Every structure is written in structure tokens, then in C-alpha cells.
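Student: I have a new model on my screen. Can you walk me through its features, one at a time?

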Amino acid sequence: MVSIRQARVEDLPGMQACNLQCLPENYQLRYYVYHAISWPQASFVAETMGPQPRIVGYVLGMVADEDSEVPHGHITSISVMRSYRKLGLATRLLRQAHACMVECFGAQYVSLHVRESNRGARALYEATLHYHVKDVEKGYYADKEDALLLRCPLSSERTLAYPLPKSELAPAFDAPERSESDKKKEEEQARLERLAQAKARAKARNKGRGRR
Ligand code: ACO
């Protein structure tokens, strides 16, 4: 049996392993941690039940930054291990993520990018979940394939039909185990991000002064 539940920090390596097996778009563990810390309610896992539970699917979700016009969710990545496909797991993972995006963040729609050639995923999004094509982003992927930007309006009537128990809505996030070299890489990337943010803030301040 497979259960769907909100993702916890200890699930992140299992989610990453599933992603590496299923998709060419892969991320460093710190990117999963960033999602878990920023939007802990928006990611879910499909886990086998039994003595040795295993993550066999995940959806990694986020919510758009403050500067966008209306709050909206974004599906960064979703995949289900090959032998667990066509059982409705991705549909359930996405519906749970949609419901939490509405309930926790007031999201009005959800978006995602998908390869134009990914027929299976497109059938899931467009036929089953009623996403529609909003835009085509030329050469979006590393191999230059175009991405379709899909969108699906969210409303509480539609999404809250998939409630979660209260205990699952506020999971505790303990820091995951990381190697020394991972820690150093993460610190260096965090330093570079802080530097870039400081530069952006200084630029914005200078622009503001120029206008006055
Ligand atoms: N071919 C055609 N239609 C499909 C396929 C397929 N291979 N897979 C799913 N569908 C459609 C069907 O309409 C299906 O309904 P049905 O079973 O009644 O016919 C419906 O989607 C629901 O399917 P689920 O069982 O919920 O989907 P599943 O759990 O099998 O997962 C997924 C679908 C995530 C696309 C899986 O095939 C996968 O992991 N693929 C590789 C990774 C991937 O492509 N991820 C999406 C990339 S885009 C992104 O991450 C934002």
C-alpha cells in the first residue's frame, strides 16, 4: 500500500533519489531544503507502507514571491517511480498540493513547466487536472527543448475536497544530516546569494534616489 502525506525534511533524500531516477531536471539537496523551509505545506510524498517504507513519488511545490500580482502556487517538480505509475498517485499528490496552496497561502492559481514532448505528464495535467497552456517558453530546458507554461485556476470549493488531518499540516522540520563538503557548498552558495541580494537592494536604493 502507498500513502500520501506531507513531506518532511527527512524525506528529502528519498525525494531527490526519486527525481534522479525519473527526470533529467535534477537539483541539489539544498534546493529541496529551501522548499521545505519556505513552503513546508506545499510538498507531498507517496510512501510505501510496511516495515521498510520507501518514497516512490513526490511533488515539490512552492508559492510565488511577494512581488507577483496575486498569490499563486508553482509545481517545481513531480515524479512517480516507474513501477508505481498509472495508479493515480500523481493525481493525488497534485490535488493535495493544490489544496494546501489554497488553504495555507490563498493561492488563486497554480502553474508549472512541462516539456512539450512529455505526453504522459501533459495528459495528467491537461486532461485529468484541467491545466491549460498559458505560454510557450522557447529553449527553456538545458537541451533547448521548449517548455509549456501550464496554469490551473484554484478555488477552495474544488481543492478543499481533499482535506488533510491537522497533524499533517504543521510538520516539524529537523535539519537533515549533511556531509562537511555539502555544508561548505551550501554556505558558499548562501554567501553568493546574500551578496547578490545586497547588490540588488543597493541598486534599487540608488534607483529610488535618482527618482527623488
Ligand atoms: N501516458 C498517457 N497518459 C498518462 C500517462 C502516460 N504515460 N501517465 C499518466 N497519464 C494520464 C492518464 O490520463 C491518467 O489517467 P488514467 O490512469 O485514468 O488513464 C492520468 O494521467 C493520471 O495518472 P496518474 O496515475 O495520477 O499519474 P502517475 O502516478 O502515473 O504519474 C507522472 C504521472 C508523474 C507523469 C509519471 O509518469 C512520471 O513520474 N513521469 C516521469 C517524470 C515526469 O515526467 N514528471 C513530470 C515533469 S513536469 C514537472 O515536474 C513540473
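Tutor: Start with a salt bridge. Arg115 forms one with Glu25, and the closest N and O atoms are 2.7 Å apart. The term requires a side-chain nitrogen of Lys or Arg within 4 Å of a carboxyl oxygen of Asp or Glu. This pair links distant parts of the chain, 90 residues apart. Arg115 is in strand S5, and Glu25 is in the loop between helix H1 (12–22) and helix H2 (29–38). Helices (H or I, at least four residues) and strands (E, at least two) are DSSP runs, numbered from the N terminus.

Student: What should I know about the model before reading on?

Tutor: It is predicted: local features need pLDDT of at least 70, side-chain atom pairs count only at pLDDT 80 or more, and totals for chains, interfaces and linings use all residues. Residues are numbered from 1 along each chain as its sequence is written, and side-chain values use heavy atoms, with hydrogens and water left out.

Student: Are Arg115 and Glu25 buried or exposed?

Tutor: Buried means under 20% relative accessible area, exposed over 50%, and partly exposed in between (1.4 Å probe, protein chains only). Both Arg115 and Glu25 are buried. They also belong to a network of salt bridges with Asp143 and Glu145.

Student: How many salt bridges are there by this rule?

Tutor: Eight. Among them is the one between Asp11 and Arg5, at 2.8 Å from N to O. Both Asp11 and Arg5 are buried. Asp146 and Lys138 also meet in a salt bridge, at 3.1 Å. Here Asp146 counts as buried because its relative accessible area is 15%. Lys138 counts as exposed because its value is 67%.

Student: Now the strands. Which way do S3 and S4 run?

Tutor: Two strands pair if DSSP finds at least two bridges between them. Seven bridges join S3 (residues 55–63) to S4, and these strands run antiparallel. Val59 stands opposite Ile78 of S4. On S4 and S5 (residues 109–115), four bridges form the link, and the strands run parallel. There, Ile75 has Leu112 in S5 as its bridge partner. From S4 the chain crosses through helix H3 (residues 89–105) to S5, in a right-handed β-α-β crossover. Right-handed means that, with the strands pointing away from the viewer, the path from the first strand over the helix to the second runs clockwise.

Student: How many residues of S4 are buried?

Tutor: Nine of its nine residues, so S4 (residues 72–80) is mostly covered.

Student: Which residues are closest to the ligand?

Tutor: A residue is near a molecule if one of its heavy atoms lies within 4 Å of it. Here 22 residues surround the ligand, and the closest are Val80, Lys86, Gly88, Thr91 and Asn118. Next, look at individual atoms. A backbone N or O atom of Ile78 lies 2.8 Å from a ligand nitrogen. A polar backbone atom of Ala90 is 3.0 Å from a ligand oxygen. In the side chain of Asn118, an N or O atom is 2.8 Å from an oxygen of the ligand.

Student: Which residues have a positive phi without being glycine?

Tutor: One is Lys86, with a phi of about 60°. Lys86 lies in the loop between S4 and H3, and counts as exposed because its relative accessibility is 83%. Another is Lys144, at about 75°. Lys144 is found in the loop between strand S6 (132–137) and strand S7 (147–153). Lys144 is exposed too, with a relative accessible area of 61%.

Conventions: A polar contact is a pair of N or O atoms within 3.5 Å; within protein, one must be able to donate a hydrogen and the other to accept it, and residues adjacent in sequence count only if both atoms are side-chain atoms.
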